[in-house]
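Here are my notes on this model, as numbered points. Have a look at the structure first, then read on.

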Amino acid sequence: MVVKIKTALISVSDKTEVVDFAKSLSEMGVNIISTGGTAKKLSEAGIEITSIDSVTGFPEMMDGRVKTLHPKIHGGLLALRDKDSHAAALKDHDITPIDLVCVNLYPFEATIAKPDCKFEDAVENIDIGGPSMVRSAAKNHKYVSVVTSPVQYSGIVEEMKNNDGGVSQETRTDLARVAFGLTASYDAAISSYLNEKSGVEFPERVSLSVSKETGLRYGENPHQSAAFYTMPGSKEVSVCSGELLEGGKEISFNNLLDTNAAFELVKEFDDPAAVVVKHLNPCGCAVDSDIAVAYEKAYLGDVVSAFGGIIALNRPVDVDLATIIMESYNRFGKANGASGFFAEVIIAPSFDTDALEAIRSLKAWGQRVRLIATGQIDRNAVDTNEYDVRCLVGGLLLQKRDMVAWEPDQLTYPTKLKPTEEQLEDLRLAWITAKHVKSNTITLVNGKKLVGVGAGQMNRVESGLIAFKHAGEMSKGAALGSDAFFPFPDNVENAAKAGVSCIIQPGGSKKDEDVIAAADELGIAMVFAGKRHFKH
């Protein structure tokens with residue numbers, strides 16, 4: 001059923017393109033009711049409008065808190081046009097049916113994102129009348145069109161022009177679907193803010209407010225459908241806040257997962273750092289005073305696994321660094337056993353114009369690689385209130401993010417031999433990297449470069465053996481990181497055989513004394529971090 005639009009109510013906070021939209025409606029003979037600042041803007045543009053107070057018989061009051069909450073408005077929105085009793089009520093109370101509502105809401109999320117936002121300002125930006133009209137119109141979408149975003153304006157105008165001023169049932173239903181999503185998301189943002197201000201970590205109900213960025217070709221596998229959503233209120237520099245630059249293939253579900261893993265690790269470091277990730281685990285990680293050297297070291301950590309990996313950098317990419325990345329195989333990889341090289345994604349704070357040209361032109365894969373520019377990383381602007389969400393069938397597990405990294409004041413030194421300053425630097429990298437590897441985890445670092453990783457094994461001994469095998473001769477003098485304590489001395493004994501010089505682990509095992517005694521006997525310096533970094 002096509003419903004001809006005779007009366008529209010327009011009341012918007014975001015006035016983008018609203019004048020053109022209202023003009024188009026007016027030219028099609030639509031009577032426009034409007035409120036406050038919207039009415040003023042439309043009138044100044046020469047559009048004839050009916051003020052809200054002339055409809056309700058009441059002035060806007062209480063600083064605009066009350067203007068549309070009135071039976072003359074909601075009766076006009078909610079009336080079932082084909083029901084005799086509703087039609088009689090409209091006639092008896094002189095209520096004009098409203099066929100289209102154009103409303104967008106007070107900018108609550110934009111308000112609370114401001115650093116100087118006061119609680120009172122946040123409360124005043126909780127829209128009441130807007131969501132009420134949106135919900136009324138959406139409920140009665142059998143007869144009413146509810147328009148909630150400027151991106152919908154042109155489509156509505158075009159459809160009305162093609163349907164003698166009418167809107168189809170299919171469109172009204174779709175508009176209602178979007179509208180209820182908007183109000184749900186809006187309330188979720190308010191609830192989250194009030195929970196945060198009240199110090200409630202895990203409230204009785206949790207609603208996650210996310211917005212669809214794009215559909216994806218598929219999920220982890222081609223038979224799984226998928227889409228990418230972001231949290232509009234997040235203030236943290238991240239994959240989700242980054243800009244996907246022009247060119248390259250369409251980004252995928254797995255690309256986004258891996259890129260997030262790589263970028264969250266590289267964000268841990270103040271010094272220039274580079275990370276290479278494959279299947280959510282780092283296969284390369286290094287720090288250096290020179291970002292180009294940091295990248296070379298990270299790539300050389302595992303030139304075989306780096307094939308088709310994700311590169312994350314915490315410094316801008318200039319043409320020299322871009323050239324090194326593009327020529328990784330010829331410069332470093334071929335001589336170290338690689339069969340080839342390309343990257344799926346490169347993420348960094350920014351890319352110079354010359355760097356972009358080098359990436360897109362030096363190698364064929366440069367045309368395909370996805371590039372994400374995040375802006376400058378501010379390690380102090382971390383959203384500590386964001387949940388780490390894990391999905392179960394029929395439910396969710398929520399936890400606070402693991403924000404603990406290197407805590408020098410919390411370290412203890414239980415062995416007779418203490419690590420040198422140089423060893424502590426390698427232990428730091430081993431410990432931070434271990435935090436970002438799937439458990440059970442053993443990491444090996446030598447010369448501020450990740451040289452071996454044992455990831456995701458069902459026992460820690462096996463993780464260690466994998467890391468030692470991969471590192472080979474680089475195990476000698478290396479620092480070992482373990483995401484959880486050693487239940488037995490066996491890992492220490494294997495580390496000594498591989499030539500490891502120092503170890504960092506949480507401590508806390510019933511067998512700590514035996515583990516410490518083994519380290520002392522084998523001449524290994526051991527550090528207890530005091531915290532565990534399981535990652536499932």
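Predicted model: local features only at pLDDT ≥ 70, side-chain atom pairs only at ≥ 80, totals over all residues.

How are α1 and α9 oriented relative to each other: roughly parallel or roughly antiparallel?

1. They are roughly parallel to each other (angles under 35 degrees count as roughly parallel, over 145 as roughly antiparallel). The axes of helix α1 (residues 18-27) and helix α9 (residues 153-162) cross at roughly 10 degrees and come within 10 Å. Helices here are DSSP runs of H or I with at least four residues, and strands are E runs of at least two; axes are lines fitted to C-alpha atoms, with angles from 0 to 180 degrees between N-to-C directions.

2. On the α1 side, V18, F21, S24 and L25 meet Y153, I156, V157 and M160 of α9 (contact: heavy atoms within 4.5 Å). That contact divides into 7 nonpolar residues, 1 polar and no charged.

3. Residues are numbered from 1 along each chain, and side-chain values use heavy atoms, without hydrogens and water.

4. Most residues other than glycine have a negative phi, and most peptide bonds are trans. D164, in the loop between α9 and β7 (166-167), has a positive phi of about 55 degrees. D164 is exposed at 59% relative accessible area (exposed is over 50%, buried under 20%, partly exposed in between, with a 1.4 Å probe and protein chains only).

5. K448 also has a positive phi, about 60 degrees, and sits between β18 and β19 (450-454) in a loop. K448 is partly exposed, at 32%.

6. Finally, the S439 to N440 peptide bond is cis, with omega near -5 degrees. N440 belongs to the loop between α16 (421-435) and β18 (442-445).

Technical notes. Parallel < 35°, antiparallel > 145°, perpendicular 65-115°, else oblique. Nonpolar A, V, L, I, M, F, W, Y, C, P; charged D, E, K, R; others polar.
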